[in-house]
Amino acid sequence: MTASTLPVPDFTARLSDRARRMNASAIREILKITQEPDVISFAGGLPAPELFPIEDVRRATDAVLTRYGAAALQYSTTEGHPPLRRWIAGRAGIGPENVQIVTGSQQGLDLLGKILISEGDVVLVESPTYLGALQSFQPYGPRYVQLPTDDHGIDTDALEEVLASQPAKLLYAIPNFQNPTGRTLSLERRRHLLELTAQYGVLVIEDDPYGKLRFTGEELPNLYDLALEMMGGPERSHVIYSGSFSKTLVPGLRDAWVQAARPIIEKLVQAKQGADLHTPTLNQMIVAELVDDVLPRQIERVKRAYGQRARDMVARIQEHLPAGIEHTTPEGGMFLWVTLPEGIDTQPMLARAVERKVAYVPGSPFFALGGGANTMRLSYSSATPEQIDRGLRALGETIREAMD
């Protein structure tokens with residue numbers, strides 16, 4: 001027999017049911033079409049590269065290799081670099097046994113989905129919510145229930161009605177400067193959410209990559225801290241916290257963590273052993289070298305820059321976008337949310353925007369059960385004032401064309 005006479009395998013038919021449920025990231029697909037240098041992209045939530053502490057990372061790398069030598073390049077424990085785990089635990093007022101280092105918060109979400117979600121489990125999500133979480137959870141077969149949101153975050157009265165009518169396994173939320181809307185969950189609703197989920201036995205995944213990037217308003221306690229106080233310690237808390245160094249330090253090192261009760265951490269360890277054994281040793285050591293001195297300075301630097309860019313974007317939206325457009329005004333983070341009049345679909349409108357050399361993320365992929373066709377997410381984090389002005393001027397022309 002020759003190669004030409006042998007049957008070609010039907011690869012699609014051999015895929016698992018889990019693989020069939022996977023889908024591509026809408027944002028990553030959009031980024032492919034915005035690679036031309038003259039396209040102003042408000043699409044990807046990319047930290048500003050000109051703010052990266054390159055020289056500090058260089059010095060930290062030299063210091064780590066000098067101090068640890070070959071150990072910095074060797075395999076390490078699955079749980080993570082002990083000094084880094086101790087630092088995270090100390091900031092949270094818990095023990096290092098409640099901390100698991102992961103390779104980016106996206107891996108943390110995937111591993112949490114793997115250990116917590118069974119086929120058909122009800123997972124409560126904000127409407128809209130972070131599409132990367134939907135992408136992580138989807139292969140495990142959840143049944144999503146969307147929770148309505150407003151300028152103060154999740155409507156917890158609606159949450160109470162949902163919990164009274166059906167059992168739920170998980171609630172996934174981004175309380176601080178939510179992706180995609182930029183909204184922040186109010187303190188009153190944080191407490192109400194925790195009381196309800198504790199009462200009904202629902203685990204809460206608190207995704208908090210932007211919490212330290214507040215540039216205006218009053219800082220609020222995160223859900224994890226409130227739950228520690230309410231429940232009396234980490235082993236009683238029903239909140240699982242996901243944190244990251246990607247938005248506050250640098251994204252390329254891919255260092256993040258999960259803090260939770262030990263039964264959750266123990267299963268995460270097992271799931272991570274099957275995924276990648278451990279997060280890169282050198283990267284963790286570099287981050288540990290930076291957290292005490294460089295990280296606080298870097299956070300302040302990023303907050304100042306993003307605050308100014310957010311103000312610029314809000315001002316240019318009001319100047320260049322047509323009347324009838326609604327938008328959020330974030331107090332921190334990297335995003336704001338734009339709502340156009342009903343009947344306008346931002347998905348096909350994207351191609352016309354790119355022709356004018358500006359890009360955004362259409363809003364519909366952020367809705368677990370569909371909807372939001374007339375919405376879009378804009379990121380201001382990596383744009384200059386001139387790009388914000390020129391990009392929103394072009395976007396305004398595109399929207400007016402669609403409205404006409």
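Which side chain makes a polar contact with the side chain of Q178? Select Q178 and look: the partner is the side chain of T181, at 2.6 Å. A polar contact is a pair of N or O atoms within 3.5 Å; within protein, one must be able to donate a hydrogen and the other to accept it, and residues adjacent in sequence count only if both atoms are side-chain atoms.

Before moving on, note that this is a predicted model: local features need pLDDT of at least 70, side-chain atom pairs count only at pLDDT 80 or more, and totals for chains, interfaces and linings use all residues. Residues are numbered from 1 along each chain as its sequence is written, and side-chain values use heavy atoms, with hydrogens and water left out.

**Stop 1: around Q178**

Q178 sits in the loop between β6 (170-173) and α9 (187-200). Helices (H or I, at least four residues) and strands (E, at least two) are DSSP runs, numbered from the N terminus. Q178 counts as buried because its relative accessibility is 3%. Buried means under 20% relative accessible area, exposed over 50%, partly exposed in between (1.4 Å probe, protein chains only). Now show E126, P128, T129 and R183: Q178 is in contact with them, leaving aside its neighbours within four places in sequence. Contact means heavy atoms within 4.5 Å.

**Stop 2: strand β8**

Select residues 239-244. Six of the six residues of β8 are buried. V239, Y241 and G243 lie on one side, I240, S242 and S244 on the other. In a regular strand the side chains alternate between the two faces of the sheet.

Two strands pair if DSSP finds at least two bridges between them. I205 has I240 as its bridge partner in β8. On the other pairing, four bridges join β8 to β9 (residues 255-259), and these strands run antiparallel. Here S244 stands opposite A256 in β9.

**Stop 3: N98**

Go to the loop between α5 (82-92) and β2 (99-103), where N98 is found. N98 counts as buried, since its relative accessibility is 1%. Leaving aside neighbours within four places in sequence, its contacts include P234, V258 and I265.

**Stop 4: the four-stranded sheet**

Show the open antiparallel sheet with the order β10-β11-β14-β13. Its edge strands are β10 (326-327) and β13 (361-362), each pairing on one side only. Five bridges join β11 (residues 335-339) to β14 (residues 375-379). Pick V338 to find M376 of β14 opposite.
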